[in-house]
Each structure stands twice: as structure tokens, then as C-alpha cells.
Amino acid sequence: APTWLPCGRHRLDLSYPRVMGILNVTPDSFSDGGRHVALDDALRHAERMLAEGAAIIDVGGESTRPGAQAITAQQELDRVAPVVERLVCELDALVSVDTSTPAVMRQTAALGAGMINDVRALQREGALEAALGTGLPVCLMHMQGEPQDMQQAPRYDAPIEEAVMDFLETRVAACEAAGLRRERLLIDPGFGFGKTVEHNLRLLNRMDRMTRFDLPLLVGLSRKSLIGKVLGRPVEERLPGGLALASLAVERGARILRVHDVGPTMDAVNMTWAVLREGCEND
Ligand SMILES: Nc1nc2[nH]c(S[C@@H](C(=O)O)c3ccccc3)nc2c(=O)[nH]1
């Protein structure tokens with residue numbers, strides 16, 4: 001996999017695992033005193049995650065919560081654009097935009113976003129062309145179904161890791177066929193997106209097989225329901241479980257960890273990396 005990734009005006013060093021901080025800008029995060037307060041809060045939250053070591057800030061406007069009703073491209077843009085603009089202009093942050101919407105990809109790239117994070121792997125009409133036009137790297141994630149229905153009855157004919165890798169293989173091929181250079185691609189197994197707990201656990205256990213793509217591996221495990229179901233913890237008590245998963249993910253090849261709790265994850269990831277890196281050099 002490449003040891004660094006051009007992300008707009010940023011150059012992301014991937015020779016060691018990096019942490020991506022989650023910045024949620026869906027309306028519930030605007031529930032308090034209106035947009036400007038929320039915007040300032042978002043900036044402060046991002047500033048804190050950067051200070052704790054986040055290499056990337058992931059900004060998502062579409063609530064992928066199961067059962068959430070779909071929003072228009074304009075609504076998504078109205079949420080995301082102001083935040084991206086201030087993150088870029090005031091913090092010079094490397095911003096990834098969690099979107100499947102072509103117009104949002106184009107407009108946020110124009111505002112200085114450095115990466116596209118598409119949970120639908122550029123399958124929407126016009127998404128591939130839009131991503132290509134931005135020149136930005138793109139994370140292709142596996143999801144079965146849509147957030148509205150993906151968790152009702154996840155099932156696969158093949159073992160989960162094979163189904164996920166087959167899907168990602170087809171999406172990587174589609175991108176390359178459309179002229180999106182392989183050096184611009186990242187892959188992500190999509191934990192929790194149309195998978196049972198067993199699917200998620202098996203997928204992480206066998207995730208080292210995804211290194212065969214020779215592409216940077218991004219994973220999102222933070223506070224997810226698989227932690228809740230295995231440990232019986234509510235979402236606000238899932239950090240220890242999440243740190244265990246982050247360490248395992250790094251050991252199995254993950255290079256970008258998408259998390260809520262940046263500081264603690266930095267320590268777990270750096271501790272894990274110190275062990276893995278040491279073993280290699282002094283063979
Ligand atoms: N690349 C990449 N992008 C991501 N965006 C998300 S949203 C997810 C969450 O729990 O954060 C989520 C899922 C369902 C409802 C709410 C929130 N998860 C990932 C991931 O695993 N990989």
C-alpha cells in the first residue's frame with residue numbers, strides 16, 4: 001500500500017497508522033441554540049480532535065442512522081459546506097467528507113476538502129464522475145442495502161469476508177475503468193453496514209486478507225453496536241471495547257481508524273504500532 005496519499009494540498013503520511021476524528025453535523029447536533037452556535041461548537045470539537053492527534057476530520061451531513069429519512073442534496077450541502085469551509089480556512093485541517101452525493105463531493109472539494117469518504121462506494125448516479133473530477137482520494141466502503149433497512153436481516157451466500165472483498169474488488173475495478181487512479185483509492189469493510197454481530201466479528205478476525213488489495217485500509221468501529229451487543233454496554237460506555245478493536249484492526253492492517261475518542265485511540269494505536277514496528281526492523 002502507498003506510504004503516503006496526496007489529499008488536495010495535504011500529504012497524508014500512511015507509513016504508520018493514523019486517526020480520523022468524527023465530526024457529526026446532522027441536525028440533531030444542531031438541536032441546541034441554532035446554526036452559528038452549532039458551527040462554533042463543531043469548530044471547537046474539531047480543534048480539540050486535531051490537538052489530540054487526529055490526522056483527518058471526517059464531516060458527515062447525512063444521518064446514516066437506520067430508519068433516518070433521506071435528505072436532499074441541498075440540505076446535505078447546507079449542513080456540510082459551512083463546516084468544511086471553516087475547518088479548511090481557520091484550522092487548515094485535512095477534511096474528509098462523508099457523502100455519497102455528487103454535488104456535495106464537487107462543492108466541498110472546491111472549498112478545500114482533502115478526501116471523499118463514500119459509504120456507498122461511488123455507486124450513486126454521477127458519483128464516480130464527480131469524485132474523478134475532484135482529483136481527491138476516495139474511500140470505498142462495503143454496505144449491504146441502505147441505512148434504512150440494512151440491519152433488518154443481513155445475510156450472505158458466501159463467507160462475509162469473501163462477500164466484502166468481492167464487492168470491493170468490483171468497485172476498485174469500476175473506478176480504475178473510469179480513470180480513477182488506484183493510488184487515489186482506500187478500502188473499508190464497513191463494520192455495522194448490513195452485518196450481524198457475528199459477521200462483524202468474523203470480518204475483523206479475517207481482515208488481514210484485505211491487505212492483498214495493496215490499498216490503504218480504513219475502518220470504523222468506534223462506539224458501534226457490535227461492542228454494545230458483545231459487552232452489553234450503552235453507546236457512552238463503549239470506549240474500552242472500541243480501543244480493543246482499534247488495536248486488533250491495526251494488527252490486521254488498518255491504517256486509518258475513524259473514531260469519536262481521538263486521544264485515547266491515539267495511545268492504543270501508537271502502543272500497538274510500537275510492538276508491530278519493533279518486530280519487523282530487528283528480524
Ligand atoms: N468509511 C467509513 N465511514 C463511516 N461512516 C460511518 S457512520 C456510522 C457510525 O457509527 O459512525 C453510523 C452507522 C449507522 C448509523 C449512524 C452512524 N461509519 C463508517 C465506517 O465504518 N467507515
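**View 1. Asn117 and the ligand in a predicted model.** In this predicted model, a polar side-chain atom of Asn117 lies 2.8 Å from a nitrogen atom of the ligand. A polar contact is a pair of N or O atoms within 3.5 Å. Arg258 also places a polar side-chain atom 2.9 Å from a ligand oxygen, while a backbone N or O atom of Gly220 lies 3.4 Å from an oxygen atom of the ligand. Taken alone, the ligand exposes 490 Å², and the protein buries 86% of that; accessible areas come from the Shrake-Rupley method with a 1.4 Å probe. Residues are numbered from 1 along each chain. Local features need pLDDT of at least 70, side-chain atom pairs count only at pLDDT 80 or more, totals for linings use all residues, and side-chain values use heavy atoms, without hydrogens and water.

**View 2. The shell around the ligand.** The ligand is surrounded by 14 residues, counted if a heavy atom lies within 4 Å of it. The closest are Thr64, Asn117, Asp188, Lys224 and Arg258. Strands β7 (138-141) and β9 each supply at least two residues of this shell.

**View 3. The open sheet.** Eight strands form an open sheet in the order β8-β7-β6-β5-β4-β3-β10-β9, with parallel pairing. The edge strands, β8 (185-188) and β9 (218-220), each pair on one side only. Strands are DSSP runs of E with at least two residues, and two of them pair if DSSP finds at least two bridges between them.

**View 4. Strands β9 and β10.** β9 pairs with β10 (residues 256-259) in the parallel sense over 3 bridges. Leu218 has Ile256 in β10 as its bridge partner.

**View 5. A nonpolar patch on the surface.** Leu201, Val230 and Leu231 form this patch, with about 260 Å² of accessible area together. Val230 sits in helix α7 (residues 225-231); a helix is a DSSP run of H or I with at least four residues.

Definitions and conventions. Patches are made of residues with over 30% relative accessible area and no salt bridge: like charges are joined within 9 Å, nonpolar side chains (Val, Leu, Ile, Met, Phe, Trp, Tyr) within 5 Å. A salt bridge is a side-chain nitrogen of Lys or Arg within 4 Å of a carboxyl oxygen of Asp or Glu. A polar contact is a pair of N or O atoms within 3.5 Å; within protein, one must be able to donate a hydrogen and the other to accept it, and residues adjacent in sequence count only if both atoms are side-chain atoms.
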